[in-house]
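Open the model in your viewer and follow the stops below in order.

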Amino acid sequence: MQQKKVLIISYYWPPSGGSGVQRWLKIVKYLNLYGWDPIIYTPENPEFPEIDNSLLAEIPVNTKVIKQPIWEPYHLYKKWVGLKKDDKIGAGFMSEKKKIGFTETIAVWLRGNLFIPDARKFWIKPSVKYLRTILKEENISAIISSGPPHSMHLIAMKISRLSGLPWLADFADPWTSIDFYDQLHLTKFADQRHKTLEKRVLNSASKVSVVTKTMAEEFKLLIPREYEIITNGFDESDISQLKNITPDLKFSISHIGSLVPSRNPQILWDALSKMVKEDSGFEENLEIKLVGKIDHSVIDSISKAGLLKYLRKINYLPHDKALIETKKSQLLLLLINQTPNAKGILTGKLFEYLAVERPILCIGPSDGDIADILKDTQSGKICDFDDESTLRINLESYYQDYLDKKDFPGSSNLGHYTWKNLAKTMASTLNNMVESK
């Protein structure tokens, strides 16, 4: 069967680090097994949250990557708030060193009200002009846009309209229902503009894919249509490298990834504080392991709970090394943002948590999408944001397993969540889209 070409418009691409790059890097890794050759279009000089050069080795050898310069206002933002040129900008209103002050508040207002849909909007027009030629030269059969940032969808919408090519809009996160949307200090006009563009993308795309069932249901309320649910996943080849990793000696409760203010689990710090006071053995064995960027408010909460002596803070690690810390952990901490969209949040790290087969302790909605997966895979326990009683029971159960040196039986029903199988689903979606065009 002759391979078809698909143009993938994605802001995040190696050497970008962090969770945003994983979805399309991994799908691209396997997509050509199912009849599609991906061509990546990405910025030449983007503002990445982290750099992870190890991910460059995962790009298939024959993958064509096209880069064009992008102008973003982040250098102006850094000057305004007193950051250095090489400082990274935290996601989700996270600040490792200080509380958000007046200058940051003004910058957020400008971002939400002037840069719609986001600060990458200045890349839309030059990209459309450039890609019109690329589509013809490469004999492209379909277009994919990956958002956020949602400017990528606007690029795809325009070139799809001009070329007549089918277009899939892929949402790794929501648009106007994302957890920090209400923190953008939007005017009525800006709010309406965001919502208008969101509906336009949902209505115009040939197909729309989302990562959670709840996101599909929310989008259906805006634009009634069929939405493809293609979750995030894990790469079996990554996990196969971890076979000889032994667990931490301490009872390590680990969170891997950024810890933004809305994920700060005050209920956990309170429970652990009580347990170390009540049980000298627990006090001796406890380790709180946080890997990645941590908002200052989280450290403050840990300090006030008297738990700083148990904290092991590890700065951002490349993906392969972060997986080693994940595998070593006695208990993996999965924290859902305490925001209105909490039920529909399905963090990318969940699937790698599942794959390393260490027990998971989740704090989030017990009736949300993540609870369904934990139940289906038998991979962990969950308690609601304010249910300290259940949290305490879960902690004590896992700690007893640690004392008894009880092996975790492992997760089940994981096959659907491998990136290889998800790439197959994506290819099928593309085939259906092209055939029905």
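What share of the contacts in the chain with a separation of 6 or more comes from residues 24 or more positions apart? Such residues account for 76% of those contacts, a contact being heavy atoms within 4.5 Å.

Before going further: this is a predicted model, in which local features need pLDDT of at least 70 and side-chain atom pairs count only at pLDDT 80 or more, while totals for chains, interfaces and linings use all residues. Residues are numbered from 1 along each chain as its sequence is written, and side-chain values use heavy atoms, leaving out hydrogens and water.

Show the whole chain as a cartoon. Its secondary structure comes to 16 helices and 13 strands, taken as DSSP runs (helices: H or I, at least four residues; strands: E, at least two) and numbered from the N terminus. The radius of gyration, taken over C-alpha atoms, is 22 Å; this is close to the 22 Å that the globule rule gives for 437 residues, so the chain is as compact as a globular protein of that length. That rule is 2.2 Å times the number of residues to the power 0.38. Along the principal axes, the C-alpha atoms fill a box of roughly 70 × 55 × 40 Å.

Next, colour by accessibility. Of the 437 residues, 56% count as buried, meaning under 20% relative accessible area with a 1.4 Å probe, protein chains only.

Now select Cys362 and Cys383. Zero disulfides are found in the whole structure; a disulfide would be a pair of cysteine sulfur atoms within 2.5 Å. The sulfur of Cys362 has its closest cysteine sulfur in Cys383, 7.8 Å away, too far for a bond. Cys362 is buried at 0% relative accessibility, and Cys383 is buried at 1%.

Key. Buried means under 20% relative accessible area, exposed over 50%, partly exposed in between (1.4 Å probe, protein chains only).
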